[in-house]
Every structure is written in C-alpha cells, then in structure tokens.
Amino acid sequence: MKRPVTLTINGTFHRFESQPGELLRTALRRLRFFSLKHGDETGESGSDALLFSRTPDNPTSYRLVNSGVLLASQADGASIVTLEGLEENEADRFNSPVSALQQQFIECGAIQCGYCTPAQILAAQDLLDREPHPSEAAVRTAIAGVLCRCTGYVKPVQAILRAAAQLRGESTHPPQIDVRDAPTTGEWPADSAEGLPPSNGWHDGGPDTRTQTQSVTVTLAPPQTQVVNRPEPKVDAFKLAKGRPVFTDDVELPGMLYAGLLTSPVAHARILSIDASEAMAIPGVHAVQTYADLPRVIYASGGQSYPQPPPYDQVSLDSKVRYVGDRVATVAAETPELVQEALERIRVEYEVLPAVFSPEDATQPGAPVIHDEDDAQMIHDPACNIAVKLRVDHNDVDEALSSATFVFESEYRVHQVQQASIEPHVVITFWDEDDRLVIRTSTQVPFHVRRMVAPLLGLPVRRIRVVKPRIGGGFGGKQEMLIEDLCAHLTIATGRPVKFEYTRQLEFSSARTRHPQWLRFRSGIDADGKLVAMDVRVVADTGAYGTHGLTVQMVTGFRALSTYWLPSARFDCDVVYTNKPVPGAFRGYGAPQALFGLEQHMEEMALAYGMDPVDFKRLNWVKEGQSLPMAIAMGEGREGFPQTVQSNGLAECVEAGATSIDWERRYDPAWKAPSDRPNIRRGVGLAICMHGTGIAGLDMGAASIKLNDDGSFNLLVGATDLGTGSDTVLAQIAAEALGVPLEQILIYSSDTDFTPFDTGAYASSTTYISGGAVLKAAEDVSLQIRRHAAAHLLDGADAEQLWLENKHILAPDGGSVSLETLALHSIHQEEQHQIMATASHMSYVSPPPFAAQYAALEVDTETGQLTVEKAVMAVDCGVAINPVTASGQVEGGMTQALGYALCEEMPYDEKGRLQIGRFGDYRILAADEMPVLDTILVQTYEPTGPFGAKAVAEIPMDGMAPAIASAIYDATGVRIREIPFTPERVWRALRNSLDKD
Amino acid sequence: MAILAEYHRPQSLSQALELLSDRRSRRLPLAGGTHLVPALETRQCREVDGVVDLADIDLSFIEQEGNCLRVGAMTTLTDFVQHPVCVSMAGGILPRTARFEGPQNLCNAATVGGLIALAEPDSELFAALLALDATIVAVSGDQSENVKSFEDYISSRPRPRRPADLITELRLPLAQFEGGHARVARTPSDRCIVAAVAVQVVIRVSSQMPSNPPKGVRIGLCGVGPLPLLAGSALNPPDDFKGSAKYRRTMSEIVRQRALACLSNDRL
C-alpha cells in the first residue's frame, strides 16, 4: 500500500506517494531527477549517490549515500541534494553557469561516458565542503565508492584537485598531457607548395571513397593546426557535467510498460512446457512471451556488417536453453514490481540435459550436442560442438621449423571477463505517430541493430528508427543486438512503449563477455635470433552461441602472427561451444588473449636461447615498410587486403616507457629485494603491442555537413560515441578543415533517421574511418564555400586559391569575407542554395598503432599477493586529434587491462552457475587502489589517416597482462602462464617452483 | 524488484519490538539498508512482508560511560569509526579495518547494528570488535535486555536468533590497547580473502615497557569460517573462487603472525 513521503530535494519541499518497496533512486527519477543513475542493485557502483541529511539545519550533516540502497520511505523527512541542486542558479540556462567542479571536470577531460560523473561530482563536493585542501589520497578515498569504467580515475582526480585550488582562489591550468613526436621514423607530410592553401595533411586521390596509400617522402615539421591535435574540451562534457537527462533511460513516455526476462536456472535443457497463465492473470501484466509466441527466425547477434559472419545459431526465444542465464520468457507490465511477480509465476518444466563447461569436455566423443536444432546454419561441426574452425597457412611452417636453429614451444590460458559498463544494457521501444517502431537503445551499432532486428520483428527496415542517445560505456558489450528484439516484440504485442533494462545480475549472466582461450605457440629462429616461423594453436570457448566467435578468434590469429615479422606462419583454431554465458566483443577483440601468450612466448624463447628479451623483440618486431602477410588471409571473417606498415613509433615507445618505469631498477638488488621486508620481491615487466585501425575493406562511415545562416555548421554522423569522445574528435576534424573554432560545429550522431550510415563504434575505427568521412565532407563544403565566395564576394578570385581560416574565407591578395556573410549570401541573396555535402569513407588499409606497456610491481612471496605500483603506456597512435581524449582512452583501457590481469574473473560452480552476480565479487578497480598510471603519446604521422591519426581505443587493453607476467618473472623467477594473477594462483606458482627446486 | 507490503517506522523501541514480534506478518528490522535493501531488490530475500525501520528510535549515539564506550546500534559506521575515541583506539584499528567494509557512501549508511547482525565472514571491522572483546546488547520481545560478548554471540550462531531479538548497542571496553592487522586480498581495497586483527591490552607495570612476550592478545580472523572467529578456535574455511580452503588455512597463519608482529613493532 502506498504511503506518503515528504522530502526536501535541493531545497524544495516535495510530497509524494510511494510503494513500501520503492527505492529512493526510483522515486527521485520518477520526479525527474535523472542525474541519479542505475549502475547496480547492491550499492557498489555508486552511480546513484546523493547527499543526504536527516538534520538539514546543520549544513555539515549531509553525507554521501547511495539512493539505490535506500527505500524512498527511509528518506521520509530527510533533506537531499542531487547534482541538479548543486548549482544555485541552475535555472539560468541563458548563461549556463558551471560550478568549479563541473568546470574542472570539463576542462581536465574527466568525463568520458559521463554516467558516473554526477555521483563523482557530488562525492567531490562532499569532500571539498569538509576539506578545502584535500590530498590526492583523500580525493581518491572520497570517490572510491563511485566506480568508473572509462577513465582510470586519473582525470577525475586531477579535476577535483584543481577545483579545490580554484575554490581556494589559486590559479589553475589543465594538466599537461605528455605528447612527444617521433619524427625519426614517421615522416611528417610535405607542407603546402607555395601559393596553395595550407595543407590539412590529407592524402586523398579524388572522388572515390578509398584511402590512398602512397607514402610521403618529404620530412618536415608537424602540420600546424588550430583545432586538431589540441586538448579541446569534449563537446558533450557540459551536459554530462550538469547531469542532464541524456541517456537512454532518462525519458518518461506516457503509458510506458516495464519489461523483464526470465532466464534459465539450468545449463542445458529442453523446455517441455511453459505455463504463463498465472502470470498473465495478474492485473497490470500486459504480455508474457515465450518461444511459442515469437516467430522462429535464425540470426547471429554480433553487431557486424552485412552479411553477418556465421554461425547463425540463435532465435529470439527458443524451446531449448543452453546456459544458466539463457532467455526463456519475457514479461511486460505496468510496474517493475508486477514484472517481478509475473516472472516468478511463470511455470517452466525443463528436461535437463547433460552439460559441458570446457572446450575439452565439449569436444569429447559422446559429449552432449549443444546445437542440435536443425535450422541453425553454418556451424562448422554441430555434432562435435565446434562452432568455427580456422586454419591459415603462410608458407611451409613445418619445413621452416625443422630447419630452424632453435625451436621453442609454450602454452597459455586466458579467462573470461566482462565489459561491465556501469550503464547496463537498456532499451526503450515505442510506435511513433506514423506507426514506425522507434528503438532508443544503448548500443554501439545503431545501424546494424536496425538491419538485424528487422527480420526478427517481421518489419521492413524502413519502419524502424534506431536512436542512440548518450550511452554509459560499451567496451564491446554493446556491439551486439542483445535485447532490442525482445523489447520490440513486447511493444508490438502491447502497442505500448516498453522499457527493458538489465539488472547487474542479468548483465553478468546474460550479456556478453571475453572469450577464454587456450593458446600454444611454437616458434623457430635462425642463428641470429630472427624468427623463421610461428605456429599458433588456439582453442577458444564461445559459450552457448557463436556471435563474435569467428571474428574475435581471427583477430587473435592476426595479432599473434603479425606483431613480429614472420616468413612463415600457421594459425589453427577451434572455436568451441560450451554451456556457458556467451563471449562476444570486448575491447581488444582477441588481441589481449593473443598478446598474453605471444609476449610471454617471445620473452621465454629469448631467455631459453640466451638473448635479452627486449633485444630479441626489437630484432623481430614488424618495421616500417614491412608487409603483414597474414592480413590477406585473415580479414574480419572474410578475405582481407594487403597491409604495409607506414608509420611505427614502437622503438620510441619502448624507450620512453623504459625511462618512465625506471627499467634499470631491475638490475638493482636493493630495490628488487628490500632488506626491511624479506617477503617482498619487486620486478619490472614489458610487453609490446600492436593493434589495427578499423577493419580494412569493410568498415565504412559517412558524414554530412551543412552550413547555417550564421556561418556555423551542422555535422551529422552515423558514428557512435560511447563516451570515448568520438563526437568531439570528429567535430575537431570538421572545424580544422573548415577553419572555424570547435564551437561552430554542432554535431548530431547515431540516429538512423537523421544521420548517414556508419558501421558503428568498434574495431578502433571511428577516428580513422568516420574521421575520414568528416574530412571529405568538410573539404567538399569548403570547396562549395570557396566557389560561392569567388563567384560573388571576392571578385576575380580563384576558388582553388582561397582558404578558410578563423571563420573567414581568405584570398592570397589579402581579401577576406566572413563565413557568416557568405552563408547569408548563399542562402538568401544570390544563386541561393544550401551549401552541404555528404561523404563516405572506407579504407583498404588498417594502419597499426603500436605501444609499449610496462608494469612495476611487488610480490608478497608468502601470500602471493601482487601490488602493482606503476603502469606505463607509451603509444604511437599517429597524430592525436585530441591529446586529452586520447590519453583518457589509454588510462581507462590500462585500468581495464589491469583488472583482466589481476582481479576480474567469472567463476562457475560445477553446474555452470556463475558465482558472481554483483560488483565487489566481480572486482573492478576503484579510485583508491590504483597504481600510478603514466601515459605517453609518441606521435608519428600516419599518411593514410585524417591529419595523420591512427587508432588508440583498444590497444591499451592488449599488453598489461603480459607486462605483469613479465614483472612477476623479473621479481621472482617464476613464470605464470595463466590469468588472473590472484593471490592464490601466484602463491601456488611460487610454491611449485620451490618444490621443483 | 523489492516487493514489500509494509513499511513501518516506529517511534520507540517497544513499538519496534511489538511490530517485530507480531507473528501475523513477516517483518525484518531495517537499519541502514545497505544489505537488506539490495537483498530485497534482488529477491534474495523473499519471504518478507514488511520492514521495521529503526531510524526514529534513539539508537544513534556514542557515549563514554565509565571504562566503556556505548555505541548505539543505529550509529553509522562512519560516525562510529570517526569518533575521537575510536579513531585512536588500539592504534587506529577501527578506521583501518572499516575501510574494507566499503567506500564512504556505503559506510555513511551502514550501521554498527547491521554489521553485528550480519557478521560477514570477511568483515575485518567485525573481527576487530571481536579482538577488542566488545559486548553486544540486545533486547528481546519481552523487552528484557541481554548482554553478550562477541565470543558468545558468534558461538551462538548460526542458530537463528529469536525473531524479536534486536541488537541495540555495542559496548567497547576502554583500555590502552595496541592493535595489529594483516590481510590478503585481490586488490588493495577489496574485501579480504583472509585477514587477522590482533589486539592486546597494554599492561604497564609502573614505568616499565609492555610485557614481552605479549600476554592477553586476542586475534580475530576473517575468511576462515562462516563468520569471523577468534584465533585458536577450529577453522572451517570456505572453498571458493577467492581462495581454496587450503590456501585460506595457510594464509590465516601468516596473517595471524603478521598481525602479531605489528603489535610488537608498534606498527599497524
């Protein structure tokens, strides 16, 4: 029964009715305080934190608490402050004031996806109210309860310390990003020949959409840019700092129903019957859907280009379940409580089948067949549970190995982890006034979702609009058409808007994860230590469904066999079904698995052969001008295209990182074995990494640019900003090419009705591919502007000789006209037309970024506990379009990579039930336990990228685990070939080595 | 989703006890909510009709009474460990172990009574209270008060307490303590796999140094049983993904020794 609750919110008295079980967060969001975010049900994410007092007369009595672990009724009589109330003149939308904290969060780049930003700012405010001079440690403690999956906490901490200084009246400046140029290897492009407009550094051969790949031979200074390569604040930072309602869930539609999912409690079973009558009988329950209610359409859920890579082994709801957490039935009802009641009253009768939880067991003769349905397509060998088999040979590996001077073989194992974005998967579907289905969803791939969901719903693509608002992190987990189909089916069945949001428990059990793998490397070298062959065997676990199983493992093979140059190579891989939650895309996409094995294999081989591991790697790593032979054989689920490395700052990265980590300490016995702590050993480790930039010959992005009356521009892109800052980077590229400051570019992205196509945010492609499209569109618009100016406003000028700079069109003779004058003239006065262009871009090359990752750590030899003291990444990402967002990518990626190496884990019991269901048990690193992170951007100039850019988003994920393995070996002499390095695993390894001795 | 039919906020202890002892409805006491509300929300805790919020009962206090510190059960963990007496007690063992109860936003809501009622196996703060030889005051349905040592409290579990038994107070002895603490965890702020908290009453004979070897040392251990326990009692370690029973058993001895070593080093 509802009871009245009175509550002072941001100084205003509120009285509302609340169900006894309603959470304070739910009640406040119902009252449109949308800055409180749902991250989990158990309070560990802290994204719903607010300031709370039962004695508001005492202003120091406010405390930071989580509104998701308080009942609304508990707050009866209390006073609270949310981010919306932090600013006294919040209502002043004309002048848009920001507080010191908000300003510093914006300027320091502390906001990536922005989902945890409101809680972080409130936590910081709470600290600064009590302590105007906080130490860094105090800041980290204050925000430790607000988990962030994007930033690695470096920039939020910097922002809070600077806000404190600003509030004390001290002058502050944004933190410096360590950006260095590596001009000795990458050559800067030729600047413009005399008389021509300043070059943007772009090498494009004309009207087709392809990147041309001629190398540039003139060595000059880096291009002089006004907007690109500068630390511009993110274009979406302001609204995120304000906690404005910009995420999928931040809307209330009239008549909206809530959806829920019933999942399988058993790992493998046939559904004999489902009785939903009791659930349907509950007043307020509008739909229950089971396999019997939905059309059976076979699909593959990975968000990828048409045609989807096989296998096609899923249907929306099936009569068989294949893992604990698999989809059984959905419910739509008027409240979340009714949804829960209905789910609990659905009676399902299962015929439980034997289940297998490892590729070893799944491929035994007589193992239960997971995909025995007769309509699945393109499964390699369903009877043996092999989803995909990959075999790639480049020259004769066996011959090369048999004639090698030295052959080394080693095996590694990597485990399952989850993307764990703080915003769960969430989607809202509704019919619009034209009876078109609108899908508002937290996705990385809006255009793929529209194409993929259409046949499942029986709707033509034209009747579906997919909108991606701001999203709270993805990391690959949302490169999937995961729940849009289920939600849309409920809207179709009920005619009502429906919202479907995963709980954290569902995220762990029923979203996507990283593929576990077993890897065996066998390599041969000649007498000089040069690799002559490498043979890589991988057995990967794709869980119950194939989704990204083919392509992730192909990337594993490509990365394993391309980072070092190989005259001959073989990749032999089985991707196996098991009765486990499903791996999919996760930042790095097969590369972190490959490099965990590869980097240790190289180090072990060097030591076994008697070479310095770093020298050995340097001798063999791929050099500028070298081709990547595996690229042709291993495209993304199809034939690839030839690749030649045109920029490589790896040598500089290794050098810069070594200085930062103080590599020479590894030779200092006093540091390695501190005399006052006999159980401690210290070590330093290195891994090098190489990644890709987009998928060659496949990824395509498009952009439209339109000139407005005042000389500003609308930039419409299909590209999908997950919080990475891609909207900002794309706007910077447009601003640079159009000679205007960033504020003149109004970007709108990821709406299938209003923006041109883009494959989406994955494969480290957006800056390079979508950025290429933006640059082309901008150049087209620039030409249209210059032509109009030459024809009408700068008499006698040659359009080719004009250039755009500082919101003006300039002529070599000193003539000038403002963009605003030009815009008004072209729209209203003469030869009236809309200056506008659309361009597409794709690339047959995928220039690799390179990096060196270092870790310094201590090992407690009695307990096995590791403490990473410092992690360094020096990365060659080409020219960083925005050094702040680029370094933010590195810091956040390294933090996830540390979690992969140290503490994140998805353990199961013997029945395949996940043993973790909440943050905490699934440990992602908090602000107060981070090692020192150092990021160095070592810039090269990539001739095929916009303004010389390559990718940076995924490579931070790749090398941390092997760097830590290397550091453990340096510290203890013990090699651990399996992650995560939990205390017990390290302890056992140390003990085993003692036993052997 | 939390499905609750009733929410009560009694104004007195007797009202609360009455609500809780009424067998016609299944009710649970609600303190800070950081454990119960998630348990309701995730439906781990289902067989409940209502909650009895203790917020308006005067159980949030910290008072010194003789050689004892009385801490009301509704005192938040933050208020508790930041109290001047607690900050310095046994070399700061309370704030030090409280860090691992969770970040500030949870400790600002979680209560001392909740901590005791849950007695989570990896609660280092609970282990510290056990080592400090604190006592627990509870009131039963007939309003009779019973006082129990932590030792008796844990040895009487996991037998269910009578439903109407309500923890009202924690009593900490005030003496000169030294404290020692050691732990093993996946990450620096993670809840422990195993941990030990050692506490020793400093016996000063005139102006001499504390006695050596240490006497009267109490050690609370985490991660080696269904709830924290006193070193010396039989270990019954869990066997899970954070640590096997064998590992926990071996580590418990190492952390025990390290916690003891902290005592003699005077270094927490």
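Me: What radius of gyration does chain B have, and which value would a compact globule give?
Reply: With 268 residues, a compact globule would come near 18 Å, and chain B agrees with that. The radius is taken over C-alpha atoms, and the globule rule is 2.2 Å times the number of residues to the power 0.38. Chain B has 19 Å.

Me: Where do the numbering and the cut-offs come from?
Reply: This is a predicted model, where local features need pLDDT of at least 70, side-chain atom pairs count only at pLDDT 80 or more, and totals for chains, interfaces and linings use all residues. Residues are numbered from 1 along each chain as its sequence is written, while chains are lettered from A and ligands numbered from 1 in the order in which they are written.

Me: What percentage of chain B is buried?
Reply: A residue is buried if 20 or more other C-beta atoms, placed from the backbone, lie within 10 Å of its own. The C-alpha atoms of chain B fill a box of roughly 60 × 45 × 30 Å along the principal axes. Of its 268 residues, the buried part is 52%.

Me: How many helices and strands does chain B have?
Reply: Both are DSSP runs, numbered from the N terminus: helices are H or I with at least four residues, strands E with at least two. Chain B has 10 helices and 12 strands.

Me: Which residues of H22(A) meet H21(A)?
Reply: Contact requires C-beta atoms, placed from the backbone, within 7 Å. H21(A) brings Ile785(A), His788(A), Ala789(A), His792(A) and Leu793(A). The partners in H22(A) are Thr821(A), Leu822(A), His825(A) and Ser826(A).

Me: Which element gives the largest share of the side of chain B that touches chain A?
Reply: The contact takes 41 residues from chain B and 47 residues from chain A. Elements giving two or more residues on the chain B side include strand E1 (6–8) and helix H10 (245–265). The largest share, 4 residues, comes from H2(B).

Technical notes: A residue is buried if 20 or more other C-beta atoms lie within 10 Å of its own, exposed if 12 or fewer, and partly exposed in between; C-beta atoms are placed from the backbone. Two residues are in contact if their C-beta atoms, placed from the backbone, lie within 7 Å.
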